[in-house]
Amino acid sequence: MQRNVFIKTFGCQMNERDSEIMSQILGTLGYIECLEESQADLIILNTCSIRAKAEQKVMSHLGALRKEKTKRPSLKICVAGCVAQQEGNNIVRKMPHVDLVIGTQEIYKIGELISELEDSTVATALSNEYEIPRFIPNKKTISSGTSYKKFVTIMQGCNNFCTYCVVPYTRGREVSRNSDDIIEEIRVLINNGVKEVTLLGQNVNSYGKTNPVSNQKPGYDFADLLHDVANIEGLKRLRFTTSNPKDLTDRLMRCFRDIPLLCPQFHLPVQAGSNNVLKRMNRKYTRESYLELVDKLREYRPDIVITTDVIVGFPGETDEDFEQTMDMLETVRYHGSFSFKYSDRPGTASLKLDNKISEAVKSARLSRFQKRQDEICLEHNQNFVGSILEVMVEGCDGESIKTRSATNHLVHIDSDQTLPAGAIVQAEIIQAGLHSLKGALV
Ligand code: SAH
Ligand code: SF4
Ligand code: F3S
């Protein structure tokens, strides 16, 4: 029997991939993804808890679904992801219209859980002995949403306990996935037309170091994995995210020199520029050691584009501390960044710190940082004008072609040509904006 599932994903790319996995598992049970909540027999909210605002968004969406459930009592509502893990039973207590709360390690069981659904099932066990189940999509289950680029999860969880962060609590201990499974999954994707793969983990730099799965080759690390994946026949582009600078080895940085299809783009979250703040965040690197990494990366791959994450207003952050973050921006000249106001999260160590920063100060710091980042980003983009970039087609509409460079810049090309998604062409950059470049086919 065909049934419709509507999946809404909040949060990070790990969640996006998890949503896809749930969709693929449900696909084998006859579920098809639909685009409207009103057509769904099953609604899954795959949630994020990284900041208070992210969690509030989920809760208000869930609240709104109460009406839908009253109208259509046969509708099933499932909450997955980090809020599900964090709140567990609290969700069904507050929201009795929710049928299933499924934790971050349990998504592979969604098929069984949905079939055997009792009143308000809660499945949020989090185990330290966890192994990522062997999950290789088959042709049938990936055909629906397959495009030319895909995320592939290589590890789950996090052991770093940065003092502001919920992830170690919502995703559990760090576990690496067996490299043979990863490589087989990528082979299947490539056979189905995928050209570009992004390897995913909260800290891919420590792949293989903690809780490696039982049959993993000893000593096999992330640099080994990058070399092996790059050798898979048919792959055109390789990216990864994300990396804690404390675990960035010289061997890994050399991959940018030695693996041509590894894209010259590195997201290296700095969080703060002051050593005092970094220490209280438990980041385990200093501004000096971070800047050494940036120099090395640029030595190995001069065209590398470096982006970052920044938190402003961490408890106790002084004006001088914040100036150090601004100074980091001036020194590295990031091509882009995600910047956030510090947000108190349940269970984290920073929740209990004194000297919380006022909203007004956080907002002022954030807008100052973002304004300067935009200026720098535009300057970088203008430097591309006149150069020729290799770009991959994302889509065409008869008037223009949307493409992406290896450096991850969006490049729009005026052209009535129709090229297949995933095709690689050369574009001369003729104009630069803050969010995209304009190119001409060469
Ligand atoms: N594993 C990644 C980060 C994942 S979370 C890493 O270590 O780099 C994505 C980003 O959210 C973080 O880099 C951080 O900048 C931000 N973030 C995490 N917790 C936060 C909090 N409590 N308040 C504000 N921003 C936060
Ligand atoms: Fe959170 Fe730090 Fe782990 Fe990143 S490395 S997920 S910021 S605890
Ligand atoms: Fe959010 Fe969980 Fe990802 S908190 S950022 S969905 S790991």
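Guide: Helices α10 and α12 (residues 287-300) pack with their axes 8 Å apart, at an angle of about 35 degrees. Here axes are lines fitted to C-alpha atoms, over the stretch in contact for helices, and angles run from 0 to 180 degrees between N-to-C directions; helices are DSSP runs (H or I, at least four residues) numbered from the N terminus. This is a predicted model, in which local features need pLDDT of at least 70 and side-chain atom pairs count only at pLDDT 80 or more, while totals for chains, interfaces and linings use all residues. Residues are numbered from 1 along each chain as its sequence is written, chains are lettered from A and ligands numbered from 1 in the order written, and side-chain values use heavy atoms, leaving out hydrogens and water.

The crossing of α10 and α12 is right-handed (the near helix is turned clockwise from the far one by less than a right angle). On the α10 side, Asp250, Met253, Arg254, Phe256 and Arg257 make the contact, and on the α12 side Leu293, Lys296, Leu297 and Tyr300 (heavy atoms within 4.5 Å). These residues comprise five nonpolar, no polar and four charged (nonpolar is Ala, Val, Leu, Ile, Met, Phe, Trp, Tyr, Cys and Pro; charged is Asp, Glu, Lys and Arg; the others, Gly among them, are polar).

α10 (residues 250-258) also packs on α9 (residues 222-230): their axes come within 8 Å and cross at roughly 20 degrees. That angle makes α9 roughly parallel to α10 (under 35 degrees). This crossing of α9 and α10 is right-handed too. Phe222, Ala223, Asp224, Leu226 and His227 of α9 meet Arg251, Leu252, Cys255 and Asp258 of α10. The α9 contact with α10 has five nonpolar residues, one polar and three charged.

α12 in turn packs on α13 (residues 319-332), with axes that come within 12 Å and cross at roughly 15 degrees. α12 and α13 are therefore roughly parallel, and their crossing is right-handed. From α12, Arg287, Tyr290, Leu291, Val294 and Arg298 meet Gln324, Asp327, Met328, Thr331 and Val332 of α13. Five of these residues are nonpolar, two polar and three charged.

A polar side-chain atom of Gln271 is 2.7 Å from an oxygen atom of ligand 1, and a polar backbone atom of Ser343 is 2.8 Å from a nitrogen atom of ligand 1. The residues around ligand 2 include Tyr164, Gln202 and Arg283.

Technical notes: Helices (H or I, at least four residues) and strands (E, at least two) are DSSP runs, numbered from the N terminus. Angles under 35 degrees count as roughly parallel, over 145 as roughly antiparallel, 65 to 115 as roughly perpendicular and the rest as oblique. A polar contact is a pair of N or O atoms within 3.5 Å; within protein, one must be able to donate a hydrogen and the other to accept it, and residues adjacent in sequence count only if both atoms are side-chain atoms. A residue is near a molecule or strand if one of its heavy atoms lies within 4 Å of it.
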